[in-house]
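Hi,

Here is the structure I promised to pass on.

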Amino acid sequence: MNIHLKALLKNWPCTVYGQKINVNVTSVTEQSTKVKAGSVFVARKGKITDGLVYVEEAIEKGAVAIVTDRPPQEVWQNEVPLIVVSDCLLFLAFASAELAGHPAKALNIIAITGTNGKTTVAHYIGQLLLQANRQVAVIGTIGVYINGKKTQHIDCLTTLTAEQLQPILQACVAEGITDIVMEASSIGLAQHRLAYCPIDIGVLLNIGEDHYEEHGGKEQYLLAKQRLVDEAAYLFVNETSDMCKALCAHRLEKKAFFSPEQFKSYSVQVQKELETLVNEAQHFEENIAAALAVANKLQLPIKDLSLQWPEGRMERVQLANIKVYIDYAHTPEALQHSLEQLKQQPYRKLMVVFGCGGNRHQEKRQKMGRIVSQYGDTLYVTSDNPRNEQPKKIIKDILEGVDKHHVQTIIEVDRKKAIQLAIQNAQAGDVIVIAGKGHERFQEIGQQKIAFSDRQIAYEALGKYHL
């Protein structure tokens, strides 16, 4: 829909430089490449570039207004108005919702936050809603799913930006969707991506250390999580996490806890279904409990529990008595959970292919090396998404935590070769875990995103060496 610029700014505190505000707005964006005639361009300062650099380009493309959080250093002489606001991201969320007609008001929004398990819980809840014949969309790391079918792939964002999210919610309303289940990352919450998107049910899964660096420290990270705690109309909290309980201790109403112990309150039939799933992955107990708590709150009729793991989450590929698991586990906690469970299965050798991402979370590299050497028999230490760091430097950091006296360690910088080598060396009865990238279809090397799929490489290698 279109909206008049004057109407858009009517109730928004701002300072306007320039007089041409009697114009229609057709879109709002913070990406100069997406500016078109009728766009409002939000020129904010990012980690790498400053949106103000692209103001002239935006105006040439037809932008009808420029929004920033800094007053002009010189007299603004362009007829296209410059609008100064206190928070660009909050304005972006507001304007996106306005242009979409505030679709979230017509939807039941369920948002899940936590360091690990957001994708799994979101899809479990989506599956339970589908089993109850509800119309549901699941939005998160691995894409947009409408009634169980993938419709869009999301590049690198667990929680969509407001300018992406609001049109999708608008389309969902038009399609008759009633329930939205979404992942709420700490970065997404900190950047107001869910502002003007009322959350009916929030789920607080766990709190790890993986994103402290991105937020500038533990305190800022917890403040981001706090937004979901405070803004959700009803909140479910992991009873087994002391940090989660502490974060929401001030909230006295419309709050409930979930834990694996709640399984006992369900029927015998469901109990058996749960036992089958939990026996395959005990570390998913809390995730299942969270999904069931939400289902109970929504009074969904649960006759049986037939849940499927999402793409890239302990996704099993098996051929010739060799099991290969593709797992997104890229934090110490997630990796330990996955390996703990696999360690309980009968196997000849447990082989792990893994690395760590570049330009972030250096402190976790040694931890992950220590965890993998504790559980694995053979390690293939390789690249993940090295970005602008040297892969050999990242591997060196990982190896500081590896106990080379108790585990065989093979270093192969090329991730494709490392996967191929692990599968080539595998024998009947071996279990291979390829950890860190899961569903991802690319590898970040330098400034490039190169097409890459752990799953595809694993399938090809199994076919080549074990058919």
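A quick definition to start: two residues are in contact when they have heavy atoms within 4.5 Å of each other. Before the findings, note that this is a predicted model, where local features need pLDDT of at least 70, side-chain atom pairs count only at pLDDT 80 or more, and totals for chains, interfaces and linings use all residues. Residues are numbered from 1 along each chain as its sequence is written, and side-chain values use heavy atoms, with hydrogens and water left out.

Let's begin with Glu444. If you leave aside its neighbours within four places in sequence, Glu444 is in contact with Asn385, Pro386, Arg387 and Lys449. Glu444 counts as buried, at 17% relative accessibility (buried means under 20% relative accessible area, exposed over 50%, and partly exposed in between, with a 1.4 Å probe and protein chains only).

Glu444 belongs to strand 22. Strands (E, at least two residues) and helices (H or I, at least four) are DSSP runs, numbered from the N terminus. Strand 22 (residues 442-445) pairs with strand 23 (residues 448-451) in the antiparallel sense, over four bridges; to pair, two strands need at least two bridges found by DSSP. For example, Gln443 has Ile450 in strand 23 as its bridge partner.

Now for the charges. Side chains of opposite charge can pair when their charged atoms come close. A salt bridge here is a side-chain nitrogen of Lys or Arg within 4 Å of a carboxyl oxygen of Asp or Glu. The whole structure has 14 salt bridges, and here are some to look up:

- Arg134 and Asp179 meet at 2.9 Å, N to O. Arg134 sits in the loop between helix 4 (118-131) and strand 9 (136-140) and Asp179 in strand 12 (residues 179-183), so this pair ties together parts 45 residues apart in sequence. Arg134 is partly exposed at 26%, while Asp179 is buried at 0%.
- Asp454 and Arg415 also form a salt bridge, at 2.9 Å, N to O. Asp454 is in helix 16 (residues 454-466) and Arg415 in helix 15 (residues 415-425), so the pair ties together parts 39 residues apart in sequence. Both Asp454 and Arg415 are buried.
- Arg70 and Asp69 meet at 3.1 Å, N to O. Arg70 is partly exposed at 24%, and Asp69 is partly exposed at 34%.
- Arg365, Glu389, Lys393 and Asp397 are linked in a network of salt bridges.

Cheers
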